[in-house]
Amino acid sequence: MGGYSLEHVRPIGFPDTAGPRDIHVDAQGCVCAEPVAGAERIDCRGAFVSPGWADLHVHVWYGGSDFSVRADEAGLNRGVTAMADAGSAGEATFHGLREYVLERQRETIKAFINIGSIGLVAANRVSELSGPGSIDVERTRRVIAANRDVICGVKVRCSGLVVGQWGLEPLRIARAVADEAGLPLMVHIGEAPPAVEDVLELLAPGDLVTHCFHGKQGTALFETPERVTLACAAAARGVRFDVGHGAASYSFDMAERALAAGFKPFSISTDLHQRNIRGPVYDLATTASKLLAIGLPLEDCVLAISERPRSVLGLESARNIEVGSRADLTVFELLASDLTAADSLGASRNLPTLFRPLYAALGSVLQRVPDKAGA
């Protein structure tokens, strides 16, 4: 007994899928060919089903950093089955993040370890990269080695407000640590110095640039034709660009300029934390809706919140609806809307269509997403 059936769903974001279908999940959380006796049956009425949504940039080390949210506020209750904490913990605090968050949540949560030892314990009040004593390379190596199952990369905040006069040196150190561990970097860009041109020179295929559409005057990546060309060239050589909306790092104008130049982000993420969860970010669905509204095609939006970020977390997506695979799915609809939404600079756009998650399916767990999710 047990299990559930998602009836009349339309797969999207999977290879080689066609037409509506029913997805049956047994009591052990695996997709099966036929309905299970006594299973809960959900008529999804033609809603979409995609690989489980994955948010590649959240802050969920609640209590370990002064601005993190509880993981429950970012996960299944928002249609998100997997996420990555983006540098809330450095080597000195990673054990707490693992024990009290990563190991206790139903969602799959991995983490980018901050190259700064203290992580974001007091983000933007106490810099984690104030000088050479802020990084302990040997301890960071040891923490990575002991936590390879949950560490998906190395995070470095590479903006003037964080590094001050230290410039590119934290990035160079993070580059060496990541290369030795065989992990990608996630690099936060923002205010100069250092210049974004110099940052991109140090990045390799598979690395991630987060806050790619920030609109900070003088340093925005898509502010000049020369930087647009630079970003496109970096993407062509395998550098991955992540939205990372945040409280101060998403500009409709910059995103529109990028799309007009033929540039598409690799992943759409929220940078969700206490200072933006009640606006302007709200959740992953609202963030994806903002990209859809300015012209990013639906299929690209879905891939950017599912298959692509899942690949960074080492999660398989192609087989998620095949018999025998563990269920890891998000059921959602596209809802007509007259909502006006703001970016991080206060500019607004109409969102005629909203992503509205309905169910998050993760193994034997089927979570109905509360109607309050979203802006």
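Predicted model: local features only at pLDDT ≥ 70, side-chain atom pairs only at ≥ 80, totals over all residues.
Local features here need pLDDT of at least 70 and side-chain atom pairs pLDDT 80 or more, while totals for chains, interfaces and linings use all residues. Residues are numbered from 1 along each chain as its sequence is written, and side-chain values use heavy atoms, leaving out hydrogens and water.

Colleague: How many of the ten residues of helix α8 are buried?

Modeller: Helices are DSSP runs of H or I, at least four residues, numbered from the N terminus. Buried means under 20% relative accessible area (1.4 Å probe, protein chains only). The buried residues of α8 include Leu 284, Lys 290 and Leu 292. Helix α8 (residues 284–293) is largely enclosed by the rest of the structure, because the buried residues number nine of the ten.

Colleague: Which residue caps the N-terminal end of α8?

Modeller: The cap involves the backbone nitrogen of Ala 285, with a side-chain oxygen 3.4 Å from that nitrogen. A polar contact is a pair of N or O atoms within 3.5 Å; within protein, one must be able to donate a hydrogen and the other to accept it, and residues adjacent in sequence count only if both atoms are side-chain atoms. The oxygen belongs to Asp 283.

Colleague: What is the count of disulfides?

Modeller: A disulfide is a pair of cysteine sulfur atoms within 2.5 Å. For Cys 212, the closest cysteine sulfur, in Cys 232, is 11 Å away, too far for a bond. The count comes to zero.

Colleague: Is Cys 158 buried or exposed?

Modeller: Cys 158 is in no disulfide, and its nearest cysteine sulfur, that of Cys 212, is 16 Å away. The relative accessibility of Cys 158 is 2%, so this cysteine counts as buried.

Terms used
Buried < 20%, exposed > 50% of the residue type's maximum accessible area, 1.4 Å probe, protein only. Helix = DSSP H or I, 4+ residues; strand = E, 2+ residues; numbered from the N terminus.
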